[in-house]
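Please open the model in your viewer and keep the selection panel at hand. The tour below moves from one selection to the next and states what is to be found at each stop.

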Amino acid sequence: MTQPILEAKGLSRSFGHVRALTKCDFDIYPGEVVALIGDNGAGKSTLVKALTGNLALDEGELYFQGQRVYISSPQEASALGMEVVYQDLALAPHLNPVQNMFLGRETPRKGVLGRLGFMDEKSMKEAAIRGFDELGGTVRAMDAPIGSMSGGQRQQVAIARAISWADKLVILDEPTAALGVVQTKNVLDSIQRVKAKGIAVILISHSMPHVLEVADRVQVLRLGTRVTTLKASDATVEQLVGAMTGALDKNGAAA
Amino acid sequence: MSVITPPEDVAVPDTHEGRDSVLKRLGNTQSVWILGVLLVIVAFFSIAAGGKFLSTGNFSLIAQNVAVWAVLGVGMTFVIITSGIDLSIGSVLVFSSVVAAKVMEQVGGDGWGTALIGILAALISGLAWGTINGFLVAKAKIPPLIVTLGTLSVALGLAQVITGGIDVRSVPTAMTDFNTFIKVLGIPSLPFVALIVLIIGGIVLHRTKFGRYTYAVGSNEEAARRVGVRVDRHLIRIYALSGTLAGFAATMSLAQFGTTTIAGQSLTNLNVIAAVVIGGTSIFGGEGSIFGTIVGLFIPAVLQAGFVIIGVQPFWQGVAVGSVLVAAVYVDQSRRASALRGASSTNPLRALLRRSK
């Protein structure tokens, strides 16, 4: 863990008079799970957008594996090996898990047929099944439309899709917000499995117990800047809430 | 006797394979349901009218009535799956047939050379109208209903301007002979041309990336955009396809009637939309099949032919088709609603099959 896989230094962005990010720093190491927490409006979503090329910055620098990078579109972020799983998951409800997983990146058939737009359904299906199995496989019906599946299964499809394309970093935006107990546990298990593959995970969540359960470090945002970074193993829910609301202010920054 | 079916999650441990059969996927769709309705209608008329209904002549007639609409139906199926609509097809057909007839009149002659130039002209005309539709829908973000309502009016108006409202009859005999004299199994050749278009359309929709993106755009446009599908370009292509097929249908119509049909296509768009929707293509997008469209096309055609044969006023066809349309969409919606509630086996037909095991 010598070099951060992704590092942000002094990111700033204003929308008119509103300063969404103020000299915000962020860093994450390979194979690490970093939770990003903060109250509503603290700048979590803005930061994620800035990291993934969805938002132009007023100032600040991004480093990917130590190299200065300028990410100006989500495609560039994807090319670096980063994927975001948005809260709305961005899945097509009428398509099945395999079709969703490969949407926009279908494997063509070999030869002329492939050039005509025919797809290698068999290999896509096999790859999708491998991907779901890696995450603990709660998605089983490969032919059913996603729309008929549970929230947890949909989440897993979205995560599987992200990690099948991102080999460096996956950002999960509130992955457990709408899930029940069992499904939440599945998603948290999935995060551990992603981590075990050596992929770094940024987890945005409001749920402090979940954050402490899966994260290695917790970075707290308040008023558009990082107020503290805590080791999850040492932190308590009270500390996190304190940092979020400003009651503790920078006292916890020692960690 | 009933068998209690365990919940889906428990029932299928690790059996990813072998559940992808075409039959099963079809069984999940409304098209199978509606195929049942069609078979009931056919059975009814067969019993009521016997040999007269089941004759080659009758089926030849039905197939011919369906042929032009079938070609239009392919384009419409793609359009509706993207949750769009194309009201302009009838007018584009008229405009293209006028252009083709005028061009062939200028070229002169009765051979295939003239006919091919005419077909080309019709295709280009259809492609142009479709591209205009697509561009206005995808780039100008005008609702497809409005866009195609506009081009419906403009295309028909221009066709009337060009001809002064009088049908052009200069169709080379090569074209009209094609439908009159070339027969397969006693049925004129036009329906077979339509069948080829249907098969190609089905393959493109169900087997290629183009088809996959069509479903994706209709299912969740934003999701498609985020994974890099070029949604705008795809929509333009879809409407262009629909327009081009209307151009092709124009040449079929010329071959069938030997004249343009300026006043005869005012309800074509609605009839085709009805057929597509009856066939289970969801007006909300994301769902549909060419197979369903074929079935949906035959229901009105069979009804009409049947009513004539058993001596019922053919006007009843409208009554019957309208009722089937509303019933079909109702069934479709309740299916959708129960799917949202999370039930896995919601197709009544499947449930029925399962229960009777």
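Which domains does the domain assignment of chain A give? The assignment gives domain 1, made of 1-81 + 168-255, and domain 2, made of 94-165. Please bear in mind throughout that this is a predicted model.

**Stop 1: the two domains of chain A**

Colour domain 1 and domain 2 of chain A separately. Their centres, taken over C-alpha atoms, are separated by 28 Å. Where they touch, 14 residues of domain 1 of chain A are in contact with 13 residues of domain 2 of chain A. On the domain 1 side, strand 7 (169-173) and helix 7 (181-196) of chain A are the elements that give two or more residues. Helix 7 of chain A supplies the largest share of that side, with 7 residues. By residue class, the domain 1 side divides into 8 nonpolar, 4 polar and 2 charged.

**Stop 2: E174(A)**

Now select the loop between strand 7 and helix 7 of chain A, where E174(A) lies. Most residues other than glycine have a negative phi. E174(A), although not a glycine, has a positive phi of about 50°. Is E174(A) buried or partly exposed? With 18 C-beta neighbours inside 10 Å, it counts as partly exposed, because a buried residue needs 20 or more.

**Stop 3: helix 9 of chain A**

Select residues 237-245 of chain A, which form helix 9. The buried residues in this helix are Q239(A), L240(A), A243(A) and M244(A). Look down the helix axis: these buried residues fall within an arc of 130°, so they line one face of helix 9 of chain A. An α-helix has 3.6 residues a turn, so residues three or four places apart point the same way.

What covers the buried residues of helix 9 of chain A? The cover includes strand 3 (33-38), helix 8 (208-214), strand 9 (217-222) and strand 10 (225-231) of chain A. Just after helix 9 of chain A, select G246(A), which takes a positive phi of about 95°.

**Stop 4: from chain A to chain B**

Display both chains together. Here 22 residues of chain A are in contact with 26 residues of chain B. The chain A side of this contact divides into 12 nonpolar, 7 polar and 3 charged residues.

Next, hide chain A and view chain B as a whole. How many helices and strands are there in chain B? There are 17 helices and 2 strands. Of the 357 residues of chain B, 48% count as buried. Among the contacts in chain B between residues at least 6 apart in sequence, 78% join residues at least 24 apart.

**Stop 5: S83(B)**

Select the loop between helix 5 (56-81) and helix 6 (89-107) of chain B, which holds S83(B). This residue is not a glycine, yet its phi is positive, at about 65°. S83(B) is partly exposed, with 17 other C-beta atoms within 10 Å.

**Stop 6: helix 9 of chain B and F257(B)**

Move to helix 9 of chain B, residues 173-181, in which M175(B), F178(B) and N179(B) are buried. These residues cover an arc of only 80° around the axis, which puts them on the same side of helix 9 of chain B. Among the elements that cover them are helix 7 (112-138), strand 2 (187-188), helix 10 and helix 13 of chain B.

Within helix 13 (residues 231-257) of chain B, select F257(B). F257(B) is partly exposed, having 17 other C-beta atoms within 10 Å.

**Stop 7: helices 10 and 11 of chain B**

Finally, select helix 10 (residues 190-207) and helix 11 (residues 209-219) of chain B, whose axes come within 5 Å and cross at roughly 65°. The two helices are therefore roughly perpendicular to each other. Which residues meet here? From helix 10 of chain B come V204(B), L205(B), H206(B) and R207(B), and these meet F210(B), G211(B) and T214(B) in helix 11 of chain B. The residues of this contact divide into 3 nonpolar, 3 polar and 1 charged.

Key:
Residues are numbered from 1 along each chain as its sequence is written. Chains are lettered from A and ligands numbered from 1 in the order in which they are written. This is a predicted model: local features need pLDDT of at least 70, side-chain atom pairs count only at pLDDT 80 or more; totals for chains, interfaces and linings use all residues. Two residues are in contact if their C-beta atoms, placed from the backbone, lie within 7 Å. Ala, Val, Leu, Ile, Met, Phe, Trp, Tyr, Cys and Pro count as nonpolar, Asp, Glu, Lys and Arg as charged, and the others, Gly among them, as polar. Axes are lines fitted to C-alpha atoms, for helices over the stretch in contact, and angles run from 0 to 180 degrees between N-to-C directions. Helices (H or I, at least four residues) and strands (E, at least two) are DSSP runs, numbered from the N terminus. Angles under 35 degrees count as roughly parallel, over 145 as roughly antiparallel, 65 to 115 as roughly perpendicular and the rest as oblique. Domain bounds come from an automatic or database domain assignment. A residue is buried if 20 or more other C-beta atoms lie within 10 Å of its own, exposed if 12 or fewer, and partly exposed in between; C-beta atoms are placed from the backbone. The arc is that of the directions from the helix axis to the C-beta atoms.
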